[in-house]
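This report walks through some local features of one protein model, for a reader who is meeting it here. Please keep the sequence and the structure in view while reading.

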Amino acid sequence: MKTIILIAMLSTFILSQTKFDDVNELVKAGEFTKASKLIDEKVKTMNLSHEEIFQLQFEKERLERIRKDFNKTADDILKYVRKYYPNATESDLQKWEEDGSLEFKVIDGKKWYFARAASNLFRINEEAKKQKELIDGFKKDPLDVFLESYIPKVLDESANSQEKLVKPVTFKLNYKVTVEPNVVPSGEVIRCWLPFPREGHERQKNIKLLGINSDEYVIASNENLQRTIYFEKVAQKDQPTVFNIALEVTNYAEVNFIDPDFVKPYNKNSGLYKTFTAEKAPHILFTDKIKNLSKEIVGDEKNPYLIAKKIFTWISTNIPWAGAREYSTIENISEYCINRKHGDCGIKTLLFMTLCRYNGIPAKWQSGWMLHPGEVNLHDWCEIYLEGYGWVPVDQSFGMVDSEQEDEKYFFLGSIDPYHLIINDDYSTPLFPAKIFPRSETVDFQRGELEWRGGNLYFDKWDYHMDVEYIEPK
């Protein structure tokens, strides 16, 4: 049981034991092939514990995942970039590499760019962003347009009704995972964990399983902070294997009009405070970079809400959204965000949480799906605890709304719309039933996880799709 739990909770790490320093050095030098061969040699010849063997084998798997993420050549990048910079050369790529706009790795002596590096360049680099707008024209993101219209209505309804929970929406969800034919031998059992909504939240109610394409399944109890529905299928030769569930759930917008003067002092001896202001390796660590950034952002502010507001504002202003690597390949996500100066929803959220916790503000992870009309996708956000208000939602990725009204501008610092489906109330927690092999996603859980007796099935072996039907009160 100890071994199974270890694998289930396995997250990204650097092998710390002295006996593995030679592996670490090869990995840092980008010598992935040599590192993999050395791992094989150590597993075969050294007297290692089960835990050490699993750590080494996962490190080898992590290197393969990095290769999958970094798969573009300079020619690939230039082909994309030349739509906006027709005369771009490799010297331009080098300039963008040096300022952090183009993410790359040298693997086995060859430079490889992140799969989404080209498109990210035009999100991260301000000059490139303007050049893209010059060619394509400016068009405001449809989600931003929707929220700028929707949020004032939410605030008005909450203020007029004096209700915290307003504008309920019932979602009918059809979620399907399709495993490619022949990735598992015919007759073998594929084990599957799919996301299942969390109970116990005021703003998420009436969760129903409407259908599932299996006679036998297990829904994890709500004690599981990354909640699943588990079932199995037998692979058939030349046929895709489909896992399909249909759900119904009703969610509400939650509005909290927060007055900083009404935020009370924390009971620093409480279990809640100690738990949710603590470090949580490897992604929430109070490193020197976190401490220095916190000093720059927070200054002498003491009020918890105003500290959170300063952090929220700084990240919204200075950390643009960009497509991200798989989290299982990143050693410390919050510090990665500081170093790269960009991030997706989860990366930005973990930086926000780390800075909050360092400043004594309890913060906890929350994630699942965003189900906004026209914008259905995986999504991460969090909650912070303010004494006098309790746990309130924060969506750092959505950031500041384009509005002159303060309550609209900072809506996502304490409030949230009903289109956030909650699957997880923590990250990197064990799935139920326990997964035998390391997860494809060691941090989050939204797409699902699959394996068979021969090993884990990584994301490149299957596809996922969510259909949403909206039922809103008239």
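## Helix α14 and the residue after it

In this predicted model, helix α14 is followed by G360, a residue whose phi is positive, near 80°. The helix itself covers residues 345-358, and at 1.5 Å a residue its 14 residues should span 20 Å, which agrees with its end C-alpha atoms, as these are 20 Å apart. Helix α14 is also mostly covered, since 13 of its 14 residues are buried.

With a relative accessible area of 54%, K341 is exposed.

## Another positive phi, at D108

D108, although it is not a glycine, has a positive phi of about 50°, and it is found in the loop between β2 (104-107) and β3 (110-114). Its relative accessibility is 30%, so D108 counts as partly exposed.

## Two pairs of packed helices

Two packed helices are described by the angle between their axes and by the distance between the axes. For helix α2 (residues 21-28) and helix α3 (residues 32-45), the angle is about 160° and the axes are 8 Å apart; angles over 145 degrees count as roughly antiparallel, and α2 and α3 are therefore roughly antiparallel to each other. The crossing in which α2 passes α3 is left-handed. On the α2 side the contact involves D22, V23, L26 and V27, which meet F32, K34, A35, L38, I39 and K42 in α3, and by class the contact has seven nonpolar, no polar and three charged residues.

Helix α5 (residues 74-81) and helix α6 (residues 90-98) have axes that come within 10 Å and cross at roughly 95°, and these two helices are therefore roughly perpendicular to each other. Their contact is made by A74, I77, L78 and V81 of α5 together with E90, L93 and W96 of α6, and its residues divide into six nonpolar, no polar and one charged.

Where A281 is joined to P282, the peptide bond is cis, with omega near 5°, and P282 has its place in the loop between α10 (271-276) and α11 (288-298). The peptide bond from F432 to P433 is likewise cis, with omega near -5°, and P433 lies in the loop between β13 (420-424) and β14 (449-452).

Terms used: Residues are numbered from 1 along each chain as its sequence is written. This is a predicted model: local features need pLDDT of at least 70, side-chain atom pairs count only at pLDDT 80 or more; totals for chains, interfaces and linings use all residues. Side-chain values use heavy atoms; hydrogens and water are left out. Axes are lines fitted to C-alpha atoms, for helices over the stretch in contact, and angles run from 0 to 180 degrees between N-to-C directions. Helices (H or I, at least four residues) and strands (E, at least two) are DSSP runs, numbered from the N terminus. Angles under 35 degrees count as roughly parallel, over 145 as roughly antiparallel, 65 to 115 as roughly perpendicular and the rest as oblique. A crossing is left-handed if the near helix is turned anticlockwise from the far one by less than a right angle, and right-handed if clockwise. Contact means heavy atoms within 4.5 Å. Ala, Val, Leu, Ile, Met, Phe, Trp, Tyr, Cys and Pro count as nonpolar, Asp, Glu, Lys and Arg as charged, and the others, Gly among them, as polar. The expected span of a helix is 1.5 Å times one less than its number of residues. Buried means under 20% relative accessible area, exposed over 50%, partly exposed in between (1.4 Å probe, protein chains only).
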